[in-house]
Amino acid sequence: MRRYLVRKLIFAIITLIVATIFVFGLSRMAGDPLLLFAKPGGYGMSQERIDQLSQKLGLDKPLIVQYLVWLGRVLTGDFGQTIVSETSVSKLIWERAAPTLQLAVASFILSILMGVPLGVLSAVKRGSMSDYVSRTIALVGQAAPIFWVCIMAILLFAVTLDWLPVGTSGPDGVSFWTWAKFKYLIMPAFALGWGPAAALLRLTRSAMLEVLDSEYVTLARAKGTNYNVVIWKHAFRNAILQPLTTSAIVLASFVTGAVVVERIFAWPGVGQLMTDAVWNNDFPTLTSTVLVFTAVFVATNFLADMLYGVLNPVIRYD
Amino acid sequence: MSPLEFLRRYPVIPAVIIVTLLVTAIVGDWIVPHNPERADLLVRHTPPFWMEEGSTDYFLGTDALGRDVLSKIIAGARVTVLVVVAAVGTGVIVGTTIGLVAGYFGGLVDDIVMRIVDAWNILPGLLIILVVVLVLGQGLWTLIGVLAMLSWPGAVRLVRAETLSLKSREYVSLARIAGASNSRIMLRHILPGVINIVIVTATLGTGNIILTEAALSYLGAGIPPPEPSWGRMISEERQYIDAAWWTSFFPGLVIAMVVMSGNFLGDWFRDRFDPTLRQL
């Protein structure tokens, strides 16, 4: 168990390091950073001034030194300044982290609450109407583009029915637990949670089907155990292992989804910060947000591995 | 076999949708009712034909510039098919080759390859792609390249696993005793055995690639304008959603239908080729 975890941890760290090299390399490929300040011949900057600037910014040193300096700053949480407003990127990300977290957690809970029970239902009542309905929900959830789902939800619930508000995360200074604020969360959370819920539903369904087919379930049934007890106590506890470990990976998939959903609902999170940076060509902000997202992504995957190790006896005793 | 039973056993509807898409992609230029790029402000936001004020001239209505939505969807099919086929094709060919070599030779090569695949799997693909596209500049070939980057690891993993099991079979040993070279064994004896899996990964991967492409186009980093793109159609028209829902509804519906068909066909191939893979 410990060896397994250590191996996974080392691997996660190496992956992160490679990712930082990648991001650093890309940000350098985007062009000489100095040209952001000076176009040769354009602004009439003298060579001396350019040299001076490059010395000030540490750009005269070899690339590897530049990388290490940059990495050191990133590790201490200093992502530099945005190009657009010259505010600190890490401060911006920090401000935007809470809304993104709210959205991700809400969608996570939603996707589990939708995916797992429907998956069990659809396996237990295989071939029934509820099975078909659940599977259709899953199929559409996995096939419909998330931004399209968002726009259609806005059309239906905000424009036509006028039930839910759209845009931003609600009024400032109002507690999260009030309806006035909470209603802003409903649509984005559903839009973001649908795809993962579909994945969980399919996983739970196939795992349940397999377990329900096994001999000990037949035995439990044969000796007269209550059917609900068989389903929830005998079958479900064994079947949930795989969907549960996958759910952490599902959580990680919110990283990608959040970027799109936050954009559409003008949700003031890190994803929106990132797409804004895309539009503004704000490279420091873009690379920093990508790095933060990547770190979260790698960390959740590591958590999934850990959970899997804890839950799976084969690995626990390795 | 009754027609209903036939429909149940074979994925007829998904197959029809995919074939329609492919045909549309090929003959699109000849069947578009209007020039998809010609704007005509006099007819802007004409609704689809069954609504009041709609006309059969513009079957699915027009967008904010008076361009025909149906024609744009048809024109978008060609680019989408081109991008997806090229990306999935490249990804799967590269992935299969690497998986075959890694599985067959094992050892250090295998270790390194699998670590790279693992690493790639725990990174957020779409975001990395987004940055790469921004650095390299938007372009059709860049897009195909980055999308191929998304699809190769899946192929490596599956092909490698299958190669591992095939190479210990007796017929492979016999081939080696008969003096077949490594490359001959891989190409003539193992590759035919993994080709099913390759087809399954390719079909199942298609949906994901289409969705990623659409998301990239939506975010402004996908198919470069002026090429028509389903994803960009939705993003361009989202501000008019209350006035003209059809401009973003239909492209999204087409994407969803195509992706669903791809997933259906992939599942069907998988179940048909190898029932033990059902758990994937």
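Colleague: Where do Arg135(A) and Asp131(A) lie?
Modeller: Both are in helix 5 (residues 129-143) of chain A, 4 residues apart, which is about one turn of the helix. Helices here are DSSP runs of H or I with at least four residues, and strands are runs of E with at least two, numbered from the N terminus. This is a predicted model, in which local features need pLDDT of at least 70 and side-chain atom pairs count only at pLDDT 80 or more, while totals for chains, interfaces and linings use all residues. Residues are numbered from 1 along each chain as its sequence is written, chains are lettered from A and ligands numbered from 1 in the order in which they are written, and side-chain values use heavy atoms, with hydrogens and water left out.

Colleague: How do the side chains of Arg135(A) and Asp131(A) meet?
Modeller: They form a salt bridge, at 3.5 Å from N to O. The term requires a side-chain nitrogen of Lys or Arg within 4 Å of a carboxyl oxygen of Asp or Glu.

Colleague: Is Asp131(A) buried or exposed?
Modeller: Asp131(A) is buried, with a relative accessible area of 0%, whereas Arg135(A) is partly exposed at 35%. Buried means under 20% relative accessible area, exposed over 50%, and partly exposed in between, with a 1.4 Å probe and protein chains only.

Colleague: How many salt bridges are there over all chains?
Modeller: The search of the whole structure finds 9. One of them joins Glu236(B) to Lys72(B), whose closest N and O atoms are 3.9 Å apart. Glu236(B) is in helix 9 of chain B and Lys72(B) in helix 3 (residues 69-105) of chain B, so this pair ties together parts 164 residues apart in sequence.

Colleague: Which residues are linked with those two in a network?
Modeller: Arg67(B) and Arg232(B) are linked with Lys72(B) and Glu236(B) in a network of salt bridges. Arg232(B) meets Glu236(B) at 3.6 Å, N to O, and both lie in helix 9 of chain B. Lys72(B) is buried at 7%, as is Arg232(B) at 13%, while Glu236(B) is partly exposed at 33%.

Colleague: Turning to the interface, how many salt bridges cross between chain B and chain A?
Modeller: The rule finds 1. Arg202(A) pairs with Asp267(B), the closest N and O atoms being 2.8 Å apart. On the side of chain B that touches chain A, helix 10 of chain B gives the most, with 11 residues. That side divides into 28 nonpolar, 6 polar and 6 charged residues; Ala, Val, Leu, Ile, Met, Phe, Trp, Tyr, Cys and Pro count as nonpolar, Asp, Glu, Lys and Arg as charged, and the others, Gly among them, as polar.

Colleague: What area do the two chains bury between them?
Modeller: About 3,700 Å², 82% of it on carbon and sulfur atoms. Buried area is the accessible area (1.4 Å probe) lost when two parts are put together, summed over both. In contact, meaning heavy atoms within 4.5 Å, are 40 residues of chain B and 41 of chain A.

Colleague: And which residues touch the most other members of the largest nonpolar core?
Modeller: Phe147(A), Ile264(A) and Trp230(B) do, in a core of 120 residues. Its largest share, 14 residues, comes from helix 8 (residues 182-219) of chain B. Such a core is a set of buried Ala, Val, Leu, Ile, Met, Phe, Trp, Tyr and Cys residues joined through side-chain atoms within 4.5 Å. Residues touched by Phe147(A) include Val260(A), Ile264(A), Tyr218(B) and Ile234(B).

Key. Lists of a residue's contacts leave out its neighbours within four places in sequence.
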